[in-house]
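Hello,

Here is the structure I promised to pass on. Have a look at it first, and then read my notes below.

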Amino acid sequence: MAGARSLIMVVLVFVIASNLLLVNANFPKSMYFNWGAHHSSIPGNGENIQLVLDQTSGTCIQSKKEFLYGSIEMQIKLVPGNSAGTVASFYLSSMGGKHNELDFEFLGNVTGRPYTVHTNVFLQGKAEREQEFHLWFDPTADYHNYTIHWNPTEIVWYIDSIPIRVYKNYESEGVPYPNEQGMRVYSSLWNGDNWATRGGLDKIDWNAAPFVANYRRFRARACEWNGPKSIRDCASTTAANWWTSPVYKQLTRSQRDKLKWVRDNYMLYNYCTDTWRFREMPPECSKPQY
Ligand SMILES: *[C@@H]1O[C@H](CO)[C@@H](O)[C@H](O)[C@H]1NC(C)=O
Ligand SMILES: *[C@@H]1O[C@H](CO)[C@@H](O)[C@H](O)[C@H]1NC(C)=O
């Protein structure tokens, strides 16, 4: 009897988890260059990757698979020294004009000045949901864990397991939420010196090129997108897995305290307080994000 019951359990878990993907660490298996491959490489065992920016071009890699919900991690060590005008990124994006996108962008700075972490959300092709932060450490000295956690109820941007931003699902109250199409994972390094550093005042110093950002240990604990049927399949897969489960949708008390600490001490810009820019605030701005 016990044997039969555990067999049923195994079958059930298999059915529920069939879309679940654990993409781990190995860049050549899980990602490819879509831009700038000529001056970049995946050295050694494929755990590390160097993104390069020089006067010929930047670099971008993208995941082979698309995901709907998951916890997507990347460890990144940013361009050191005078990185003004460079932008390194780690983001999720779907295809097409009405695309969704969840961004981490790292805006370089002149030597000794702090990086800015720029986050944004595109929904149905429309962005303008920026929040920006300074960091509480030097992101060029070592690798740090940047994670985008996306489940049916909320999106959380984490740095070293500290939540810096939350975007909750208020779809039932007229706020758009990304839950109808899969997204690929991208990482890139490019020239953003027309806007990135002090609003475009600090240009790239090409004498310091090539610029190199190091990425490692890409890990996607995520549900694979296989077209529209994934909308239902991935919602149940996600519900069955602790790292994205809506059951655990509430940040813990200590995570909420950390989120507040970041907002109080390191937030530079929040579109939701930019009354100069928006005549009418976006609808999510009046909803609690913890
Ligand atoms: C990176 O951060 C995420 C979010 O807190 C966490 O789930 C994950 O375990 C961390 N990864 C490592 C390798 O520590
Ligand atoms: C660069 O440094 C200046 C001066 O400290 C700071 O105001 C700015 O936020 C920093 N980051 C960027 C991307 O400009």
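To start with, in which loop does Asn179 lie? Asn179 sits in the loop that joins strand E12 (162-168) to strand E13 (184-191); helices (H or I, at least four residues) and strands (E, at least two) are DSSP runs, numbered from the N terminus.

Before going further, a word on the source. This is a predicted model, in which local features need pLDDT of at least 70 and side-chain atom pairs count only at pLDDT 80 or more, while totals for chains, interfaces and linings use all residues. Residues are numbered from 1 along each chain as its sequence is written, chains are lettered from A and ligands numbered from 1 in the order in which they are written, and side-chain values use heavy atoms, with hydrogens and water left out.

**The loop residue**

Asn179 counts as buried because its relative accessibility is 16% (buried means under 20% relative accessible area, exposed over 50%, partly exposed in between, with a 1.4 Å probe and protein chains only). Leaving aside residues up to four places away in sequence, Asn179 touches Leu68, Tyr69, Asn169, Glu171 and Ile231, where contact means heavy atoms within 4.5 Å. With Glu171 there is also a side-chain to side-chain polar contact at 3.0 Å. A polar contact is a pair of N or O atoms within 3.5 Å; within protein, one must be able to donate a hydrogen and the other to accept it, and residues adjacent in sequence count only if both atoms are side-chain atoms.

**Strand E4**

E13 also pairs with E4, in the antiparallel sense over 4 bridges (strands pair if DSSP finds at least two bridges between them). Gln62 has Tyr186 in E13 as its bridge partner. E4 likewise pairs antiparallel with strand E2 (residues 31-35) over 4 bridges, and Phe33 stands opposite Ile61. In E4 (residues 59-63), 5 of its 5 residues are buried: Thr59, Ile61 and Ser63 point one way, Cys60 and Gln62 the other.

**Ligand 2**

Which residues surround ligand 2? Among them are Leu107, Asn109, Pro114, Thr116, His134 and Arg198, each with a heavy atom within 4 Å. A polar side-chain atom of Asn109 is 2.4 Å from a ligand oxygen atom. Nitrogen atoms of the ligand feature in two further pairs: one lies 3.1 Å from a side-chain N or O atom of Thr116, and one lies 3.3 Å from a backbone N or O atom of Pro114.

Best wishes
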